[in-house]
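Open your viewer and get ready to select residues by number. We will go stop by stop.

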Amino acid sequence: MYELNDKIRNLKPYDPISGEYQIRLDANESFLPIPEDLRAEILQRIDEAAWNRYPDPTAAGVCRAFGAYYGVPEECIAAGNGSDELIMILLSSFLKRGEKLLTISPDFSMYRFYGSLAEAENVSLTKPDTLRIDPDDVIRTIRETGARLVIFSNPCNPTGQGLTRDEVRKIITSVDALVVLDEAYMDFWNESMIQEAARYDNLIILRTCSKAFGMAAIRLGFAVANKRLADVIRAVKSPYNVNTFTQLTGEIVLSHQDLLREGTKKIVESAAALAKEIAAISQEFPGSFTQFPTCTNFVFLRSERAEKIFKKLLNRKIAVRFFRLGEVGDFLRITAGNPDENAALCAALREILKEG
Ligand SMILES: *Cc1c(COP(=O)(O)O)cnc(C)c1O
């Protein structure tokens with residue numbers, strides 16, 4: 001009988017909330033649709049594309065549009081089939097088997113997952129009760145353990161909090177390890193390192209089109225680093241990782257810079273309004289949950305009743321994300337939706353808390 005090896009034997013497929021929910025506030029997606037005229041233009045371009053040919057392996061057009069939006073030279077950019085693919089590529093190529101990978105928990109779960117597939121040894125640093133990363137802890141842990149690579153999201157999914165540029169710079173310049181900085185939510189904040197990525201020989205930044213830019217469906221992400229590291233990423237990725245239709249869509253949408261900026265602003269406003277309303281609910285129902293500050297498009301709550309609230313929201317056709325994080329506690333992560341969705345969520349939350 002064929003025996004599965006132990007790194008894959010007990011894996012389960014990724015299982016996001018499926019089923020029919022009227023209101024989806026569980027995956028940190030954008031609530032803004034791509035405008036109709038722009039969609040028509042994209043479909044026209046896709047129709048005219050060379051369907052029988054392989055895509056451009058360098059994804060030059062979309063990298064150029066991405067670089068123009070952020071003011072980053074093209075040679076520093078590599079595209080991926082979602083930033084998720086880039087996480088897998090980085091952890092499996094910049095680490096050798098048995099080398100140490102530092103993750104900081106709680107954080108995005110895919111880091112540990114791809115690290116274990118790469119047979120890296122995971123070293124985990126637990127965040128303090130505030131769920132804020134202490135840069136000195138990170139530096140000390142890297143030095144003490146000899147970790148070769150540290151990866152964390154900034155701002156963090158799921159905690160919603162972030163490190164400032166100064167704090168991130170301190171980490172990068174204090175260690176020899178490779179620092180992979182996942183800035184999936186940085187469009188909602190203003191502490192990005194993207195414009196100075198080329199200055200460091202041990203920094204790779206990840207960005208995605210799935211959150212602020214409303215293109216989770218097309219699977220498009222980017223790595224930004226100095227040319228030496230970007231060349232390595234281009235060399236180790238599979239040659240045709242980003243398909244032609246994604247490249248075209250990404251190039252067109254990313255070249256509408258005002259649209260992206262306005263959309264991002266609307267999402268930030270929605271998140272601020274949601275955070276404020278949830279703070280009001282917290283006042284109305286003292287002790288029912290603790291709310292963390294956020295610089296993202298979602299809010300993060302700690303509650304002993306998180307699972308109950310989560311299930312009762314599902315019964316009302318509202319999906320949010322529930323986390324059980326070991327000793328740290330039970331949490332809810334709620335993505336900011338449009339004003340109607342936020343209002344429905346808050347009304348349901350009040351009802352549920354009233355029920356006790
Ligand atoms: C959503 C998310 C991603 C995944 O982005 P894709 O480009 O859709 O693969 C990566 N990192 C973090 C922290 C995320 O929350």
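Start with the sheet. Select the strands β9, β10, β13 and β12: they form an open sheet of four strands in that order, with antiparallel pairing. Strands here are DSSP runs of E of at least two residues, helices are runs of H or I of at least four residues, and both are numbered from the N terminus. Two strands pair if DSSP finds at least two bridges between them. Now colour the edge strands, β9 (290-291) and β12 (321-325), each of which pairs on one side only. Strands of a sheet pair through backbone hydrogen bonds, either parallel or antiparallel.

Zoom in on β9. Two bridges join β9 to β10 (residues 298-302), and the two strands run antiparallel. Pick T290: R302 in β10 stands opposite.

A word on the model before moving on. This is a predicted model, where local features need pLDDT of at least 70, side-chain atom pairs count only at pLDDT 80 or more, and totals for chains, interfaces and linings use all residues. Residues are numbered from 1 along each chain as its sequence is written, and side-chain values use heavy atoms, with hydrogens and water left out.

Next, select the ligand. Which residues come nearest? Of the 14 residues around the ligand, they are D182, Y185, T208, S210 and K211. Near means that a heavy atom of the residue lies within 4 Å. By class, this shell holds four nonpolar, six polar and four charged residues. Nonpolar means Ala, Val, Leu, Ile, Met, Phe, Trp, Tyr, Cys and Pro; charged means Asp, Glu, Lys and Arg; the others, Gly among them, count as polar. Show helix α3 (residues 82-93) too: its three residues are the largest share of the shell.

Now show side chains. A polar side-chain atom of T208 lies 2.5 Å from an oxygen atom of the ligand. For N157, a polar side-chain atom is 2.8 Å from a ligand oxygen. For K211, the distance from such an atom to a ligand oxygen is 3.0 Å. Taken alone, the ligand exposes 390 Å², and the protein buries 92% of that (Shrake-Rupley method, 1.4 Å probe).

Finish with the loops. Select S105 and P106: a cis peptide bond joins them, with omega about 0°. P106 lies in the loop between β3 (100-105) and α4 (110-117). Go to N154 and P155, where the peptide bond is also cis, with omega near -5°. P155 sits in the loop between β5 (149-153) and α6 (165-174). Last, select A59, a residue other than glycine with a positive phi, near 50°. A59 lies in the loop between α1 (36-48) and α2 (60-70).

Methods. A polar contact is a pair of N or O atoms within 3.5 Å; within protein, one must be able to donate a hydrogen and the other to accept it, and residues adjacent in sequence count only if both atoms are side-chain atoms.
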